[in-house]
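Please look at the model below before reading on. The paragraphs after it start with the whole chain and then turn to its parts.

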Amino acid sequence: MSERDTICALASGQPPAAICIIRLSGDRIWKIAGALLDCGLPEPRRATLTRFRDEDGNMIDEGLVVFMPGPHSYTGEDTLELYLHGGPAVISHAISTLTKESGVRLAEPGEFTRRAFEAGKLDLTEAEGVADIIEAETDAQKAQALRQLSGGLTEQYDRWRAELTGILALIEVVVDFPDEDDAPEETTAPVLRKLNNLIGDIEAALGDRGVGEKIRDGFRIAIIGAPNAGKSTLLNRLAGREAAIVTSRPGTTRDVIEIRRVMGGQVVWISDTAGLRETDDEIEAEGVRRAERVASEADLRVFMVDGSAPDLSVLTSPYRLPTDIVVVNKADSDMAANLPAYDYKISAKRGEGVPTLETALSEFISGKASSVEAPVITRARHRVRLVDGLACLIAARDALELGTGPELAAEDVRMAIRHLGAVVGAVGVEDVLGAVFSEFCIGK
């Protein structure tokens, strides 16, 4: 392996802490150990107690050091991990000393995992799994990240690519025997069967309603309704804090206000929106437009109704959808006689009925998350590649069915293979690597 910079970084949480981990990877590990550690280069894979010194021989700290020689390490290179006391002074002194060494620099975000990817230790979806498990807040996020990290997505994409490789081989038979009367017909039929089966599998994966991405990024609930229906009060009640301004003046909320919660075992973004009504106020009108946009993108819409004075014009307008959960608010006041059909009655101000509504929201989100057993798409990047690959497969099928040429079909299949390969990083994907690894923390 050609020599390149040795990288170092704090791989544990921010100080102060009882213990910190400083990670190094690269060809200069043995020089660093010989110059800065009293024990020199320790025995591989054995925790060794030693003193760590700076370039002038001053002791930085005493702690454990573990040496893992390449290629049998996380990055595939020689790596060294220092387990020191996690105070800011120790960490600052240690990092400063290491980066003064020739050929040693601070790692960029995700650079350790990128080197692992480049060494073939894991593919791109597994690398994304590393980032996801670090940021997992819920058991569902952790389970999905672990499945991805252990190669669950890789197996599916590799299986599809293997099927495509076999299909491509069959199409090449048609290309190689253009003058044989029987060969094209005998070969095209099984190719079309295989293509249709694979197209069906990918269409099913794309029809998952984005569950994998939502488990990772969060489901969305929009609270909508007429002005002064109590939307902001409900948001504050669900947040357990004063997240939105509440006044008796209609139109107080002009922009979308979001809170983040865990409900039904999932991360959920709940949005308070501007009151839905026709208005000549330019700012309020923009708020209504934003409310409509947020509502259109939500997984669940909670339509709030003022129980003391319901705005029936809003209820019968295009603002309301049949799938909305209708919640009558202000149950602590005198209820109007002409209330519409509703699902729940609450007092957002006093909290009456809110726990029951929360339970219903949690059950809905939990059901959404479990509607797809094992999503094969967990990021927008995967979906884009699958959509492009599917388009190529459909073009290949059309070329074979219309008889426009097996050569065109073969090229479309090759492009589909490249799109699927780009998901796991099996083909040149330099354009996406920077974006993927930039999401990582520095020490990973």
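Among contacts (heavy atoms within 4.5 Å) in the protein between residues at least 6 apart in sequence, 64% join residues at least 24 apart. This is a predicted model, in which local features need pLDDT of at least 70 and side-chain atom pairs count only at pLDDT 80 or more, while totals for chains, interfaces and linings use all residues. Residues are numbered from 1 along each chain as its sequence is written, and side-chain values use heavy atoms, with hydrogens and water left out.

The protein has 15 helices and 12 strands; these are DSSP runs numbered from the N terminus, helices (H or I) having at least four residues and strands (E) at least two. Of its 444 residues, 49% are buried, where buried means under 20% relative accessible area, with a 1.4 Å probe and protein chains only. The accessible surface is about 20,900 Å², and carbon and sulfur atoms hold 51% of it; such areas come from the Shrake-Rupley method with a 1.4 Å probe.

Next come the strands. Strand E9 (residues 266-272) is largely enclosed by the rest of the structure, because six of its seven residues are buried. Two strands pair if DSSP finds at least two bridges between them. Strand E8 (residues 257-263) runs antiparallel to E9, and seven bridges join them; here arginine 261 stands opposite valine 268. E8 and E9 form a hairpin with two residues between them, and glycine 264 in the turn has a positive phi of about 60°. Strand E7 (residues 219-225) pairs with E9 in the parallel sense, over five bridges, and alanine 222 of the chain stands opposite serine 271 in E9.

Which residues touch the most other members of the largest nonpolar core? They are Tyr157, Trp160, Leu164 and Leu386, in a core of 32 residues. A nonpolar core is a set of buried Ala, Val, Leu, Ile, Met, Phe, Trp, Tyr and Cys residues joined through side-chain atoms within 4.5 Å. Helices H6 (152-176), H7 (182-206), H13 (380-402) and H14 (406-424) each supply at least two residues of this core. Leaving aside residues up to four places away in sequence, leucine 164 touches Leu198, Leu393, Val413, Ala416, Ile417 and Leu420. Another core, of 26 residues, lies apart from this one and includes Val211, Ala229, Val302 and Val354.

Val354 is also one of the buried residues of helix H12, along with Leu357, Ala360, Leu361, Ser362, Ile365 and Ala369. An α-helix has 3.6 residues a turn, so residues three or four places apart point the same way.

Note on methods
Buried < 20%, exposed > 50% of the residue type's maximum accessible area, 1.4 Å probe, protein only.
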